[in-house]
Amino acid sequence: MRLYLALILLLPLFGGTINLLVGRKLPRRVVEALACGVIWGSFAASVTALAAFRSPVKVEFASWLSDFDFRAPISLFLDPLSLSLILMITFVCGLIHLYSVAYMAEEAGYVRYFALLNLFVFAMLTLVLAENLPLLYLGWEGVGFCSYALIGFWYTEKKNADAGRKAFIVTRIGDTAFGIAIVWLFQLFSTESIVELNGMGFLMPAGVLTALGMLFLVGAMGKSAQVPLMVWLPDAMAGPTPVSALIHAATMVTAGVYLLARMLPLIGTPVVLAAIAATGALTAFFAATCALAQRDLKRLLAYSTISQIGYMILGVGAGAVSAATFHLLTHAFFKALLFLGAGCVITALHHEQDIFKMGGLRKSLPRTFWPLLAGALCLAGIPLTGGFFSKDAVLGTVWEHGGAFYGGLYALGLVTAFLTSVYTFRMMYLVFGGEDSNHPPPHPLPLTGGGEGEGEHAGTTPAPPLPVQGGGRKAVPRLMEYILFPLALLALCGGLLDLPSYLGGGLLDRFMTLKAAHAEGTAAEMLLQGLAGAVSLAGLAVAHWRYGGERRQARLAEAGTPSVLTRFLLHGWYVDDLYRLLFVRPFERLAGFFWQRVDVGIIDAGLDRLAALLGLSGERLGSWTTGRVSVYLLSFAAGLALVLVYMVWLLAG
Amino acid sequence: MIVPLVHVLVLAVILFVLGLACVLVWRTNVIMMLIGIEIMLNAVMLAFVGGAGVWHEASGQVFALMLMALTSAEVSLALALVVYLHRRKNTVNADEFSEMKG
């Protein structure tokens, strides 16, 4: 187990380091093979670890931080939660790496790209496997850094670099809370080991635990893009599409869910659970409404990610770690699928991302269409797909809690499920439906209102402003499309991982053994699932009624003059503008005050005055040196006289 | 010694003040300033010699002799400078040479 764990972590680190140091000297194929090979090697090690797994195991490799009582060794912890995550991460990341080979084929900076990609995976695996909080924090920050570097990968364009900075800064707000929690935990318990901490919760009063839980929640909000720190994720679309898939599906945004799931035994007081659940439900609803009006394909998917992560957080808040993990896994598959499929579409359309300018791709891109349809079915939660079971598992546990509060959250979740279905099929109808000929909207709108970084524009492959015509399709590399099939299969069959109890019970649930059997009877469970299925089908029906067939044209025609509500949703509830008003403006004012008044007005002006004073006095004093000998002699004599007078005075005294 | 030390010192002071006044007042002529310096030096020598007479010490007289040698060297150098200055500006007025002004 020691060897497997070491391999899982060290292989991506090795690949990333080699590529960083000597990648430029290596042939392109070697760099790509190395980057992909280490991830698949890591996956193989994960599989062997799964085969060898008997019970949760803790392995200590070396001492890292050690001072007085403080111990933070490099020790890893493998339990069902982390094992299922590393399997998913290495597998999905392996596919994304392969996809990147084709996607970045024309990119000059491929060495930096692949090195960062490997480091990203390494940081995420460290985060998942870490046994103590400082090591987890190392991975946490590593993920943050790599995401910053990859979102701003095409940094020559200001908006891409801005998007990277925004992601970094916004997540940093959450990280600060998390950092405070880590330090505080050591002060309270004198240990940083997650396993030990989880068993020591009873030592502290509930108030302290609640405060700790809130700090962890804020940390998770930043990383997992939950309300109110969700603004960075839609802008994070500025990076290359595989990076979006990586951030959204396998790494980064799931870190917050993982952290909460990991620390739940410690922080799981009722207040914290309620706060977590409310955050998740609100985020899910908020993002789903925003996704309804988006025009940028990747931005739409980004909002859907925020919404789905909201479901996971809701699941954690309901105390159902296995349900949340289940949704995390299926989401990883279908979201990676959706993003990679979107990458194919965008490549085929010469980096066109406005879904209102697409259409008819059903016929011209069949190998992209079918897997993407599978992903959409999962995302919408159409019955019997993976997404249906996992989303229902989350909603089911929320329902089990009972009470007005959780009942309300359940209703919100159900509404969100409906919205999810609507926006998913709206996207499908707009992108793939209709005829292949082009229907430009009468008044081309800016894709987003925020003006912040969105979309992607390859630095080395500038998108030609071609009209998206039937004949203007660019061939999508076969490799990119083949990657979609295993993901589609996994997404569709992901439900088998954790079937509801009336269908034989859940594999994952038994594997996790973190949750007691369903308290509700089978009938209630079936009823809930039937309800969820009906809701998602209703969403599909609404989408069909709005966008199906001929009505698609009408919607396209309307797009030129969006209603107030559409604008509101398109701009993400104007949250960006609100934050600009609430935080950025005052900060700029304050910075302006310190710059203009304090720095320029007081410090600089003070120094200038002092310098002027010294210069003036120097001039005055300098005028004493007339250069005339007689003056010197006279002053010499005067000085002498003074000395004499003084001496006489001394003698007389 | 017949003459009391006080008389010698008073004479030396008078000589010194005269030399100083000469230097301070006569600045239109560098040569006159040099003469003033010489007078002051003589006053100092007189004080030395007087002291040597009172305390029967040879070193005061030796010092006076040394001062004479020093003075002659100084005067030769100073006069050479005066000649040089006169050549440059065709004047011996000390105030004309104020290039070292700050």
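Reader: How many cavities of 30 Å³ or more does the structure hold?

Author: The structure, a predicted model, holds 5 of them.

Reader: Which residues lie nearest the centre of the largest cavity?

Author: A:R299, A:Y303, A:H571, A:G572 and A:D576 do. The lining has 11 residues. They divide into 6 nonpolar, 3 polar and 2 charged.

Reader: Which helices each supply at least two residues of that lining?

Author: Two helices of chain A: α13 (297-317) and α24 (575-622).

Reader: Why is α13(A) called largely enclosed?

Author: Count its buried residues. Buried means under 20% relative accessible area. In α13(A), 21 of the 21 residues are buried, so the rest of the structure largely encloses this helix.

Reader: How do you know what span to expect for α13(A)?

Author: Take 1.5 Å times one less than the number of residues. For the 21 residues of α13(A), the expected span is 30 Å, and the helix reaches 30 Å from first C-alpha to last.

Reader: What is found at the start of α13(A), and what just after it?

Author: At the start, a side-chain oxygen of A:D296 comes to within 2.9 Å of the backbone nitrogen of A:K298. Just after the helix, A:G319 has a positive phi of about 80°.

Reader: Why is A:P586 called partly exposed?

Author: The label covers values between 20% and 50%. A:P586 has a relative accessible area of 38%, so it is partly exposed. This residue lies in helix α24 of chain A. Neighbours within four places in sequence aside, A:P586 is in contact with A:R580 and A:L581.

Reader: How do you know that the length of α2 in chain B agrees with its residue count?

Author: Its 26 residues (30-55) should span 38 Å at 1.5 Å a residue. The end C-alpha atoms are 38 Å apart, so the two agree.

Reader: What makes B:N29 a cap of α2(B)?

Author: A polar contact needs N or O atoms within 3.5 Å. A side-chain oxygen of B:N29 lies 3.0 Å from the backbone nitrogen of B:I31, at the N-terminal end of the helix. Just after α2(B), B:H56 takes a positive phi of about 55°.

Reader: What do the buried residues of α2(B) pack against?

Author: They pack against α25 (629-652) of chain A, along with α1 (5-25) and α3 (58-89) of chain B. Among these buried residues are B:V30, B:M33 and B:L34.

Notes
Residues are numbered from 1 along each chain as its sequence is written. Chains are lettered from A and ligands numbered from 1 in the order in which they are written. This is a predicted model: local features need pLDDT of at least 70, side-chain atom pairs count only at pLDDT 80 or more; totals for chains, interfaces and linings use all residues. Side-chain values use heavy atoms; hydrogens and water are left out. On a 1 Å grid over the protein atoms alone, a cavity is a set of points where a 1.4 Å probe fits but cannot get out, and a pocket is an open set with protein on both sides within 12 Å along at least five of seven lines; lining residues have an atom within 4 Å of a point. Grid points are joined across faces, edges and corners, and a volume is the space filled by probe spheres set on the points. Helices (H or I, at least four residues) and strands (E, at least two) are DSSP runs, numbered from the N terminus. Ala, Val, Leu, Ile, Met, Phe, Trp, Tyr, Cys and Pro count as nonpolar, Asp, Glu, Lys and Arg as charged, and the others, Gly among them, as polar. Buried means under 20% relative accessible area, exposed over 50%, partly exposed in between (1.4 Å probe, protein chains only). A polar contact is a pair of N or O atoms within 3.5 Å; within protein, one must be able to donate a hydrogen and the other to accept it, and residues adjacent in sequence count only if both atoms are side-chain atoms. Contact means heavy atoms within 4.5 Å.
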